[in-house]
Structure formats: structure tokens, C-alpha cells
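Subject: Structure for you to look at

Hello,

Here is the structure I promised to pass on. Please open it beside this message and follow along as you read.

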Amino acid sequence: MAHETDEVDRIVGAWSLQRPDLDFSPLEVLSRVDRLSRHLDRARREAFRRSDLEPWEWDVLSALRRAGEPYQLSPKQLLQQTLVSSGTMTNRIDRLVARRLVRREADPGDGRSVLVTLTDDGRIRVDAAITRLVDAEAVLLSGLSKGDRDRLASLLRKLSLGFDGSPPPASA
């Protein structure tokens with residue numbers, strides 16, 4: 001069977017001719033990751049659009065949904081999960097409250113604090129979005145067998161651990 005080539009193969013091949021002194025193997029991996037990330041971004045935006053959500057709204061609502069019943073987190077917990085500034089989070093919560101996707105409630109354990117709670121409409125939208133997202137991502141991966149997907153997930157996890165604040169794995 002002939003080896004299939006893609007645009008990255010053509011780019012790396014051209015660079016290899018021009019700069020034979022360099023190892024282009026990182027480009028072979030990360031240029032493909034970059035290109036795939038653009039397809040994933042489009043699929044995600046479409047899944048969120050079809051659920052009438054912006055990507056930033058998805059970030060907040062999905063954090064609340066993943067928390068489990070009663071789908072409630074403090075603003076500080078939301079900050080930690082979404083990696084935005086305090087001012088940005090306050091603005092996002094305000095906008096989600098205005099859309100009736102979340103509500104603020106007094107924290108029964110600390111009267112000075114508030115909890116952000118997912119409303120029924122917010123839960124319905126985030127559940128619809130995750131269903132659409134999983135379906136869209138399955139289509140993107142449809143060319144891979146289950147074994148290939150598992151191996152790819154494992155390799156990407158190994159690579160991403162060095163960027164997620166986790167210590168790199170010890171070498172054997």
C-alpha cells in the first residue's frame with residue numbers, strides 16, 4: 001500500500017531540501033496537531049452555536065454541570081477551572097445571570113459568600129452542547145480504530161502532562 005501524504009509531509013519535505021541540517025520531526029507532529037486543532041475549534045464552535053452558547057459560556061456552564069448536583073460552585077472554584085481573571089469571571093457570571101443560565105445564591109456555610117448555580121435552562125443547554133460536541137468529535141476521529149484512538153490519547157496525555165503544571169513522568 002502506498003504511503004499517503006498530507007500537506008505537512010509536503011511542507012517538511014520542502015524544508016528538508018532547503019535546510020538539511022535541521023531535524024524537522026517536531027513539525028511532523030506539532031504542525032498536524034495545530035491543523036487538527038483548527039478543525040476541532042470549528043466543530044466545537046458549531047456545537048456550541050447550535051446550543052445557543054458562546055465558547056466562554058460553555059466553559060463556565062460545563063464546569064458547573066461537571067460538579068454534579070446541585071450544579072453549584074463558588075466564583076473562586078470557577079476561576080480555578082476556567083483560568084480567567086476575577087474581573088472577567090464576575091463579568092461572565094453577570095452575563096450568564098442576565099441570560100438566566102445561572103443564578104447567584106448565598107452560601108449557606110458562609111453568609112458573606114455566594115455560590116453560582118446552574119439553572120434548569122443552563123443544564124438543558126450544556127447537556128445539548130456536550131451531546132453535540134461528543135458527536136462532532138467522534139466524526140473527527142472516525143478514521144481511527146478504537147485502539148488507535150486509545151494510543152493517541154495516551155501519547156497526547158504523556159505530552160500534555162508537561163504543560164498542565166504536573167511534574168513530568170519519571171523515566172524508566
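What pattern does the chain follow when read along the sequence? It runs α-α-α-β-α-α-β-β-α-α. That comes to seven helices and three strands. Keep in mind that this is a predicted model.

**Overall shape**

Start with the whole chain. It has 172 residues, and a compact globule of that length would have a radius of gyration near 16 Å. This chain has 21 Å instead. Its C-alpha atoms fill a box of roughly 65 × 35 × 30 Å along the principal axes.

Next, the surface. The chain exposes about 12000 Å². Carbon and sulfur atoms supply 54% of that area. Buried residues make up 21% of the chain.

**The annotated span**

UniProt lists residues 26–161 as "domain: HTH marR-type", in an unreviewed entry. In the model, this span is 69% helix and 12% strand.

**A buried leucine**

Find Leu78 in helix α4, which covers residues 75–82. Is Leu78 buried or exposed? Its relative accessible area is 0%, so Leu78 is buried; the cut-off for buried is under 20%.

Which residues does Leu78 touch, leaving out those up to four places away in sequence? They are Val60, Ala63, Leu64, Leu73, Met89, Ile93 and Val116. Look at Val60 in particular. It sits 18 residues from Leu78 along the chain, and their C-alpha atoms are separated by 6.8 Å.

**The loop between α3 and β1**

Helix α3 spans residues 55–66, and strand β1 spans 72–73. Pro70 is in the loop between them. A cis peptide bond joins Glu69 and Pro70, with omega at about 10°.

Tyr71 lies in this loop too, between α3 and β1. Its phi is near 55°, a positive value in a residue other than glycine. Tyr71 is buried because its relative accessible area is 13%, and the limit is 20%.

**The loop between α2 and α3**

Asp52 has a positive phi as well, at about 55°, although it is not a glycine. Where is Asp52 placed? It is in the loop between α2, residues 25–50, and α3. At 43% relative accessibility, Asp52 counts as partly exposed. That class lies between the buried limit of 20% and the exposed limit of 50%.

Arg32 lies in helix α2. Its relative accessible area is 24%, so Arg32 is partly exposed. Arg32 touches Asp6, Val8, Asp9 and Leu27, not counting residues up to four places away in sequence.

Pro55 is 14 residues away from Asp41 along the chain. The C-alpha atoms of Asp41 and Pro55 are separated by 9.8 Å.

**Where to look**

- Leu78 in helix α4, with Val60 among its contacts.
- The cis peptide bond between Glu69 and Pro70.
- Tyr71, with its positive phi.
- Asp52, also with a positive phi.
- Arg32 in helix α2, with Asp6 among the residues it touches.

Best wishes

Key:
Residues numbered from 1 in each chain as written. Predicted model: local features only at pLDDT ≥ 70, side-chain atom pairs only at ≥ 80, totals over all residues. Heavy atoms only, no water. Helix = DSSP H or I, 4+ residues; strand = E, 2+ residues; numbered from the N terminus. Rg over C-alpha atoms; globule rule 2.2 N^0.38 Å. Buried < 20%, exposed > 50% of the residue type's maximum accessible area, 1.4 Å probe, protein only. Areas by Shrake-Rupley, 256 points an atom, 1.4 Å probe, with all protein chains shown as cover. UniProt positions renumbered as here; feature names shortened; annotations may be inferred. Contact = heavy atoms within 4.5 Å.
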